[in-house]
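Please look over the sequence and the model first, then read the points below.

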Amino acid sequence: MSLGYAEKLSYKEDVGAVGMSEVFDPPDVLQQKIKQLAKMIKKSKHLVAFTGAGISTSCGIPDFRGPKGVWTLQREGKGVPEASLPFHRAAPSVTHMALVALERAGILKFVISQNVDSLHLRSGIPRDKLSELHGNSFREVCPSCGTEYLRDFEVETIGLKETSRRCCDAKCGAKLKDSVLDWEDELPPTEMNAAEKHCRIADIVLCLGTSLQITPACNLPLKSVRKGGKMIIVNLQETSKDNKASLVIHGFVDKVMAGVLNLLKVQIPPYVRVDLFQIIFNHFRCVSETKYAKWSLRVTSVHGEKAPLPFIESVEVTFPERPELKTAVLQQQPFLLKRETLKSRPLHMVLWINFSEGCGCRFISIDFPVDFEASTDGIIQDKNIVIQQLRDMANQDQYCGQSSVVDRKLVSASGKTITTYAVATNIARYDGFPSKTFDITGVSNEEKGGKEKVNLDGGIAISTNGVPAKKVRVH
C-alpha cells in the first residue's frame, strides 16, 4: 500500500469495516496449524496465492483496516500514517520471498495480489504468473501497443490517467498511463481473467494478509471452493469468508510462511535489489580552434533525463590527478556539472554517488576517465546477465555496493556518451527470522532471529522456471 496512493484516492465515505481487533492463535495451536498447512501445500497440485496489504506491513508499509491502518486512522481523524522508510525503497517481506521459493520449486502456480506496492515483481515472481488486480504504483502502460514500464519511482497519478512520459517504441510513441485503479474503475480484464482461470483450477487458494472485503476481488477464492478446492486464510483479523475456509490461521503471515517453508525444507532465497542509473558526458564541439574543451556531466535516471532519481541523494565529482580543479558537490537534481578544461590533458574524474535513505549501502565510487583527443569505445552487455552477476556477488560477499557497467552508447554527431551503471543497493537474507539486512560494510543492520526446526516427511527439490510472456521494460 502506498501512502501516496492512499492520498490520491477519490473520497469514499463507506470503505467497509476498519479498526478490527487482531486475533492470535495460542502458540501450540498456531504450530499445529502451520504443520497442517505445510502438509496441504505439499500435496497441492495447483496452489494459488491471494495476497493483501497484510503481507507488506513488515516492510514498513501500513495496511488499510488494521488498528493502525490507513482508513482506520483516517476515520479517527488522524490522517495518513507515516511509513517507516521511503515507499520506493521497501524490500519484500519473508512472505514475499517465501512465495518466490514456492514458485521456483514448482509448487505455487499463480499469485493474485490486491497490492499496488510492486513488491511481488521486485521479489522475483514472474510477470506472467501474477495478476495485480488493483494495479501497480510503479508501473506505466502504453494504451496503444500494450508495453509495460516498471519504474524505480512511484508514478505521479492514479486512476488510469496519462502520465508525463511516452512509449519508447519508435513505431508507437503514445502517451503512457498509470495502472492504478481508483474507487470506481473496473478491474483490468486481462488481470481478472487470468485470476479467475487459476482460481477455478486451483486445489488450494492461500489467502495471505487480506480481510477479503473489497469486491469483486474478494470473491475470487470462492471460485476454487465451488469447484471442490480449498480456501485457506492467514490473517490477524476475522473475515466474512472464514466459514468457507478449510483452515483459518490467526498469526503473523511472515511467521506462518517461514514455518511452512522450514517444514517443507525449502530455503527462502535472499533478496538483492539492483538499481540502474546513467552518466551522460557531453563534449561540446567548438567551431573555432581552442585549447580548451567545454563539457558537461549529468547523473540521471534510465527512465529519461527528466525522470526522478529517487535513490540518489547527492553526487560529488573529484579530480584526484588535478588538484587545481575544485571538487564539485551536486546536491539537487538534476545532478549536472559544467566545466571547461584543457583538451590536451586527459581528465580522470571520480564520482562519489551518495544514496538516499533506505539503501543498504551509503555510497559507491566510480572512476570516470575522459580523453578528449581519443575515441571512446562502446560497450554492450546483456542487462539481465549483469544484474544476475551483481546479485550473485552481493549474496556471496554478504554486502551490497557492487556496481558494473551495463552499456556505453556513443552519439558521435553530438559528442555525447551515455553510460548505464547497475549497482546492488540492498540485500536481505531470510535464513533467519526476521530478515537480516546488510550494508556496504558487510555488517547486519538487524539482529538475526532464530527459527524452530521441525521435520516433515520428505523435502522438495527447487527448480527455476517462468519467463514473462508480456512485453515488459524493466529499468
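**Helices α4 and α8**

In α4, Val-94, Thr-95, Ala-98, Leu-99, Ala-101 and Leu-102 meet Val-253, Asp-254, Met-257, Ala-258, Leu-261 and Leu-264 of α8, where contact means heavy atoms within 4.5 Å. The model is predicted: local features need pLDDT of at least 70, side-chain atom pairs count only at pLDDT 80 or more, and totals for chains, interfaces and linings use all residues. Residues are numbered from 1 along each chain as its sequence is written, and side-chain values use heavy atoms, with hydrogens and water left out.

**How the two helices pack**

- Two packed helices are described by the angle between their axes and the distance between the axes.
- The axes of α4 (residues 94-104) and α8 are 8 Å apart, at an angle of about 30°; axes are lines fitted to C-alpha atoms, for helices over the stretch in contact, and angles run from 0 to 180 degrees between N-to-C directions.
- α4 is therefore roughly parallel to α8, a term for angles under 35 degrees.

- Of the 11 residues of α4, 10 are buried, so the helix is largely enclosed by the rest of the structure; buried means under 20% relative accessible area, with a 1.4 Å probe and protein chains only.
- Among the buried residues of α4 are His-96, Met-97 and Glu-103.
- The buried residues of α4 pack against β1, β2 (108-113), α5 (119-123), β8 (204-208), α8 and β11 (271-284).

**Nonpolar cores**

- The largest nonpolar core has 50 residues, and Leu-37, Leu-206, Val-260 and Leu-261 have the most contacts inside it; such a core is a set of buried Ala, Val, Leu, Ile, Met, Phe, Trp, Tyr and Cys residues joined through side-chain atoms within 4.5 Å.
- Helix α8 (residues 253-264) supplies the largest share of this core, eight residues.
- Another core, of 46 residues, lies apart from it and includes Val-274, Leu-309, Cys-361 and Val-405.

**His-46**

- His-46 sits in the loop between α2 (27-43) and β1 (47-51).
- His-46 counts as buried because its relative accessibility is 14%.
- The side chains of His-46 and His-198 are joined by a polar contact of 3.0 Å.

**The chain overall**

- The protein chain has nine helices and 22 strands; these are DSSP runs, helices (H or I) of at least four residues and strands (E) of at least two, numbered from the N terminus.
- Of the 475 residues in the protein chain, 53% are buried.

Note on methods
A polar contact is a pair of N or O atoms within 3.5 Å; within protein, one must be able to donate a hydrogen and the other to accept it, and residues adjacent in sequence count only if both atoms are side-chain atoms. Angles under 35 degrees count as roughly parallel, over 145 as roughly antiparallel, 65 to 115 as roughly perpendicular and the rest as oblique.
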